Amino acid sequence: MARIRKGAGKPAPQFLEGDPSTGYLPGRKWPVIRYGLVSLLAAAILVFAIELIVRGDFAGTVAFFLQPFKPGWTTIIIFALVLIGLDAVLGRSHQGLMIVAPLTLSLAFVGHQKSLYLGDPLYPTDFLYSRQIMALMPLLVRDRPWTAVAMAIGIVGGLSLLVHGWRLWRRRVPALSRKGRLARLTLTVPLIAFFVSIMDYATFSWTRDRLQIIPIMWDQKENYASNGFALAFALNVPMAHVSAPPGYSDKAIAAIDRSGVTASVPAEKPDIIVVMSESFWDPTKLPGVTITPDPIPNVRALRNGYMFSPEFGGMTANIEFEALTGFSNAFLPAGSIPYQQYVRTPTPSLATFLKSQGYRARAIHPGTNWFWNRGAVYADFGFNDFKSEETLPPLQKRGPLASDAAMTDEIIREADASADPVFFFAVSLQNHGPYEPYRYYNPTHKVQAPISQWARESLLSYAEGSADADRGLERLIEWAKKRERPTVIAFFGDHLPPLGPVYVETGFLKDNVAPRKEPSPEAALEHHQTPLIIWSNRTGPAQNVGAVSPAFLPYHILTTAGISHPYYTGFLGALRERYRVVDRNLLLTPAGAATPDWARQKKIDPVINDFRLLQFDMMFGKRRAAPDFFPETVVKPVAHMS
């Protein structure tokens, strides 16, 4: 019997018009249409899954897509184009999905978690501080170990399946021809470029308007809800660039009122010590909660104001930025982090000014120097040195982190050892979240509240840390009282703590975090105020501080120290007569009159506009204001002999 040759009798592959470019098997009809429909369906399923993960609400996700000609359908088309374009690059049909799906679904999960714990959606700039997130992983693992284990297993398993699927797809699916790949690129590249061109929210786009994609940059929560995760994320990409405010010019800077205040310091220069206490707040404000003994008796007795934080539960660097520079986050893109994005050159700050007056400007933080880019930023702010985990002597820990008591000891030691007057800016670490139950083996307080055991123990961990911060302030005050050198101490919390479920169970908040746009000024104050103490060992507590934005802290600190400056006490002093809170969503006058959504109004108070112009000029512009408002930053000519 004649041997039948392998493959004999099988029909030769017949592709449509002899072109295997579609990647479909022989005999399939309408391969181009089938490929397009499958790509569109895959994009629709993927976009739906992304929105479902981010929103956490099936009904809300369905409603998002039931509105015709809305951003949801535009997103599906964009995703389909991206998938088709990637297929052309990779050379296999539908293989682009193996890249886009894991990446976007992972971003959606991270976005949901960020929104859950910090109240903010995921921004493109968040990746600038991904290293900070990794540094916090040990604390997160300690707080929820089984969740961490499940995530680790899921990541490893998912990557393994992805690699296996990738290799299998490359073997089983026919390669695209050069003609087919070129056709896909010819279709997708111009269309994707067109969609990219209409994403700049700063310019009007007729097409974007017809597609009903409305950039809501003043309210990012609504922006993500209305436009969907992917489009809102894309709309935020340009925010890394700060455009000049309307009317910015040399003439506009020259027209800003000069108060006539000059830089001066007392003959006996006081030491200035500023302590920004991590997540410091009064936990007894929680409804139905009793903590014994009082965790913050010293702060309660000394408090003479409140700091109105622009953040909630995190983003410490943004509060630092305002407190040290006297500038405001209100004039920067929502979600931006000046420490990461904008401070790249010498920038005027309290440290710059005080160093020019003979002070030794020092920063202390028991964490790593790269966290929030502090090492580079403090140098640009003019600090003489920055003591961090890498350069501090080993500090005793309380719980998992360096104790407030040890940091206080270091401040006192360095101040007493300095012959020059010192300006200290200290950022504590001990009471950083998350607040896992049983964080301290020897708690000295008791919490009574009608909440779950987990929430009660978590709150106890926070209360213990707050009590330690309170004792640190007491130690500083008692030390300063005995000093001959005049000493000014400022102490405040950077934001409310990320207590999450504790807020919900006690009824303090509806969700784990406060909304960005509060329903009333009273709610904004309740959810963003932290205790503030400004005190001098010569004159006692500062008077009439009230609730103020951190941008006004330089004014109150220098005034208490008897120091004047054309910007920090001159311009900010005049501004303080009009407003005590300058926030992205709210202006508050000293009398409590509120102006919500002020940035959206056609006419903005000229004083606020001058504030914005000055800040832009010094951070991004020509620095025309420097000689009059920041003379210490002007390079003076040095005499020399030829």
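User: Which helices and strands are included in what covers the buried residues of H17?

Analyst: This is a predicted model, in which local features need pLDDT of at least 70, side-chain atom pairs count only at pLDDT 80 or more, and totals for chains, interfaces and linings use all residues. Residues are numbered from 1 along each chain as its sequence is written, and side-chain values use heavy atoms, with hydrogens and water left out. Helices (H or I, at least four residues) and strands (E, at least two) are DSSP runs numbered from the N terminus. The cover of the buried residues of H17 includes H14 (316-325), H15 (338-341), H16 (350-356), E4 (360-364), E5 (385-387) and E8 (422-427).

User: Which residues of helix H17 are buried, and what arc do they cover?

Analyst: With buried meaning under 20% relative accessible area (1.4 Å probe, protein chains only), the buried residues of H17 (residues 374-381) are Arg374, Val377, Tyr378, Asp380 and Phe381. They lie on the same side of H17, because the arc they cover around the axis is only 160 degrees.

User: Which residue follows H17, and what is its phi?

Analyst: H17 is followed by glycine 382. The phi of this glycine is positive, near 100 degrees.

User: Which element supplies the largest share of the lining of the largest cavity?

Analyst: Strand E1 (271-277), helix H18 (404-417) and helix H19 (453-481) each supply at least two residues of this lining. The largest share, four residues, comes from H19.

User: How many nonpolar, polar and charged residues does the lining of the largest cavity have?

Analyst: Ala, Val, Leu, Ile, Met, Phe, Trp, Tyr, Cys and Pro count as nonpolar, Asp, Glu, Lys and Arg as charged, and the others, Gly among them, as polar. By these classes, the lining has six nonpolar, four polar and one charged residues.

Key. Buried < 20%, exposed > 50% of the residue type's maximum accessible area, 1.4 Å probe, protein only. Arc of directions from axis to C-beta. Contact = heavy atoms within 4.5 Å.
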